[in-house]
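Here is a short briefing to read with the structure open beside you. Take it topic by topic and look up each residue as you go.

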Amino acid sequence: GGSPCAAAGMDDARKLLDSLMGSYRNDDRKVVAKKKSKAFLEDHVCKNYLIGFCPKYEQLFASTKRHIGECTKLHSDAMREDFEKHPDHDKLRGGYER
């Protein structure tokens, strides 16, 4: 059921809420506290964004001959904060910068 436009709109709304509040926003608070600090490790989170800059997310090359496509991964300021506070931040950052 539902139209493709409505589904696309819901997907956009979900992505926005995930980026602002984290993908665990609807889970039990105790579960969230345990998961939250490591949520940025999940595959669906953009590691380029975590370390500071995702060129596909910023769409710098949109409508140019050098268009590089769009990033489909999650870009979350909340997860970036968790990443920056994580005890293994420097080690993880080194791996993401490769």
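**Aromatic pairs and the rest of the fold**

The structure holds two aromatic pairs; rings of Phe, Tyr and Trp (its six-membered ring) pair if their centres lie within 6.5 Å, and planes under 30 degrees apart count as stacked, over 60 as edge-to-face and the rest as tilted. Please keep in mind that this is a predicted model, in which local features need pLDDT of at least 70 and side-chain atom pairs count only at pLDDT 80 or more, while totals for chains, interfaces and linings use all residues. Residues are numbered from 1 along each chain as its sequence is written, and side-chain values use heavy atoms, with hydrogens and water left out.

**Aromatic rings**

- F40 and F83 have ring centres 5.4 Å apart and planes at 70 degrees, so this pair is edge-to-face.
- The pair links distant parts of the chain, 43 residues apart: F40 is in the loop between α2 (29-36) and α3 (47-50), and F83 is in helix α5.
- F83 also pairs with Y96 in a tilted arrangement, with 5.7 Å from centre to centre and 35 degrees between the planes.
- Because F83 lies in helix α5 and Y96 in helix α6, this second pair ties together parts that are 13 residues apart in sequence.
- F40, F83 and Y96 form one aromatic cluster.
- F83 is buried at 0% relative accessible area, and Y96 is buried at 17%; buried means under 20% relative accessible area, exposed over 50%, and partly exposed in between (1.4 Å probe, protein chains only).

**Nonpolar core**

- Which residues make up the largest nonpolar core? The ten residues are A39, F40, V45, L50, I51, L74, M79, F83, L92 and Y96.
- The elements giving two or more residues to this core are α5 (77-85) and α6 (89-96).
- A nonpolar core here is a set of buried Ala, Val, Leu, Ile, Met, Phe, Trp, Tyr and Cys residues joined through side-chain atoms within 4.5 Å.
- In soluble globular proteins, nonpolar side chains tend to be buried together.
- Leaving aside neighbours within four places in sequence, F40 is in contact (heavy atoms within 4.5 Å) with residues including K47, D82, H86 and L92.

**Charged side chains**

- The structure holds one salt bridge, meaning a side-chain nitrogen of Lys or Arg within 4 Å of a carboxyl oxygen of Asp or Glu.
- R93 and E97 form that salt bridge, with their closest N and O atoms 2.9 Å apart.
- E97 is partly exposed at 48% relative accessible area, and R93 is partly exposed at 27%.
- R80 lies over the face of Y49, 4.0 Å from the ring centre; a charge sits over a ring if NZ of Lys or CZ of Arg is within 6 Å of the ring centre and within 35 degrees of the ring normal.

**Cysteines**

- How many disulfides are there? The count comes to zero, a disulfide being a pair of cysteine sulfur atoms within 2.5 Å.
- The sulfur of C54 is 3.6 Å from its closest cysteine sulfur, in C46, which is too far for a bond.
- For C71 the closest cysteine sulfur is in C54, at 3.9 Å, again too far for a bond.
- C54 is buried, at 2% relative accessible area, whereas C71 is partly exposed, at 21%.

**Whole chain**

- The chain has six helices and zero strands; helices (H or I, at least four residues) and strands (E, at least two) are DSSP runs, numbered from the N terminus.
- Of the 98 residues of the chain, 26% count as buried.
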